[in-house]
Amino acid sequence: MPSPLVEKEVNRLYQLLNEAQISFLQDYIKQSKKSKWLERLARKKGIVLDKDQSAEDAWDKLNDWELKEILDGGYGNRPYKCECGMALRFCYIVRHRKENRTFRLGETCLGNYTLLSPDLIRDIINGFHKIDLERDEILNKFELGWTPPLDYASLSLPEDIQRQIDIGLPLSYLQTNRVENLFKPDLIRLRKQREQDNLAQLHARKAALTARKTSQPAPSAPSAELVTYEWMISRHGEHLTQIKDNEHRLKNMVMLAKWEQLQQMIQDLQRHDPFDYSTFLSDMFELLYELDLY
Ligand SMILES: [Zn+2]
C-alpha cells in the first residue's frame, strides 16, 4: 500500500483550498475515521450493525471504546498531550461507554490504554491510512484540475456527494465508484445515448469529408488494398499514441472493448490479415472523442 503524503506536502495542498473546501474535507476525513473505527470494532466483536442504525444506537449495542473526536493541532504544532505525556499534533479522544472513562491519546498509545487487541488496533490504523490516501487523492486531483463526469449533472446524487461537487472538491475513486454503482442503469443509458450522438456526428463529418473528396479527388485517399501497416502508422500513429497514453481514463466497457478491437485490427494489418479501414477509422475517432482528444 502506498504511504500517505508527508505532512508538509498535505499542508501545501491544503493551502490551495478555500475555507469551505478545507472544512468539508477535514470533516469528511474525520467522519470516515470514526465510522472506520466503529465498523472494525463491530466486526472484531462479531456484531452485525444494521445499515439504517444511527451511530448512537450502534455504540449502545457495542458498549466498548468509542472514538469520540480527533483533534488536529495543525501543521507543525503539538498542542495536545497523550496520557503518557507525549506532545501530540493529532489527539484521539476515546471513551468507554459502559465504564464512562475517557482518554486522550496519540496513535501509538491507543492500544496501551484501551487494551483493545493489537491486531484490532493495527486494523484500525491501516484503515486510517487508507482514509488519508483518499484525502491525498482528492488533494492531488484538486491541484491537477478536476471536473465531474458530464453525466453526473443529470443525476440526483446523494446529498454529501452533490455538496462536495458544488463546493468544487474532486471526488475520490471510492466516491465515484459509489455513484457509478448507485446509478448504473441510468449511466449506461446516458452513455449509450452520448455514444450514439457522437457516432452520428462522426458519420456527418465523414460524409462531409467524402463529399469534398469526390468533388476534388485527393491522390492520398487509399483504396483498401493500399492500406499497409506502415502507411496507417504514418497517418494515424500520433492518434493511436494519444489513445494509448490515455487508455487508463477509459472506464466504459463499450469503449474498452473498442480499444481492444482497435489494437487487434492493427495486429491483423501487421500480419497482412483482412483489414477494414472504415471500421478502424470510426473506432479510432470514437475513442478520441470519448477521451476528448479530438
Ligand atoms: Zn502516549
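A: Leaving aside residues up to four places away in sequence, Gln21 touches Ile167, Gly168 and Leu169, a contact being two C-beta atoms, placed from the backbone, within 7 Å. This is a predicted model, in which local features need pLDDT of at least 70 and side-chain atom pairs count only at pLDDT 80 or more, while totals for chains, interfaces and linings use all residues. Residues are numbered from 1 along each chain as its sequence is written.

The C-alpha atoms of Gln21 and Ile167 are separated by 6.5 Å, although the two residues are 146 residues apart along the chain. Gln21 has its place in helix H2 (helices, H or I, of at least four residues, and strands, E, of at least two, are DSSP runs numbered from the N terminus). Gln21 counts as partly exposed because it has 18 C-beta neighbours inside 10 Å (20 or more make a residue buried, 12 or fewer exposed, and counts in between partly exposed).

H2 itself runs over residues 19-45, and its 27 residues reach 39 Å from the first C-alpha to the last, close to the 39 Å expected at 1.5 Å a residue (the expected span is 1.5 Å times one less than the number of residues). Along H2, the buried residues are Phe24, Leu25, Trp37, Arg40 and Leu41, and what covers them includes helix H3 (55-62), strand E1 (65-72), helix H5 (118-144) and helix H6 (159-166). After H2 comes Gly46, with a positive phi near 70°.

The other element to follow is helix H11, residues 277-290. The 14 residues of H11 reach 20 Å from first C-alpha to last, close to the 20 Å expected at 1.5 Å a residue. Met284, Phe285, Glu286, Leu287 and Glu290 are buried in H11, under a cover that includes helix H8 (184-215), H9 and helix H10 (253-270). H11 is followed by Asp292, whose phi is positive, near 55°; most residues other than glycine have a negative phi.

Against helix H9 (residues 229-246), the axis of H11 comes within 10 Å and crosses at roughly 45° (axes are lines fitted to C-alpha atoms, for helices over the stretch in contact, with angles from 0 to 180 degrees between N-to-C directions). H9 and H11 are therefore oblique to each other (under 35 degrees is roughly parallel, over 145 roughly antiparallel, 65 to 115 roughly perpendicular, and the rest oblique). Their crossing is left-handed, and the contact is made by His236, His239 and Ile243 of H9 with Met284, Leu287 and Leu288 of H11. The residues of this contact of H9 with H11 divide into four nonpolar, two polar and no charged.

Against H8, H11 packs at an angle of about 125° with the axes 10 Å apart, and H8 and H11 are therefore oblique to each other. In H8, Asn198, Leu199 and Leu202 meet Ser282, Phe285, Glu286 and Tyr289 of H11, and the residues of this contact divide into four nonpolar, two polar and one charged.

Note on methods:
A crossing is left-handed if the near helix is turned anticlockwise from the far one by less than a right angle, and right-handed if clockwise. Ala, Val, Leu, Ile, Met, Phe, Trp, Tyr, Cys and Pro count as nonpolar, Asp, Glu, Lys and Arg as charged, and the others, Gly among them, as polar.
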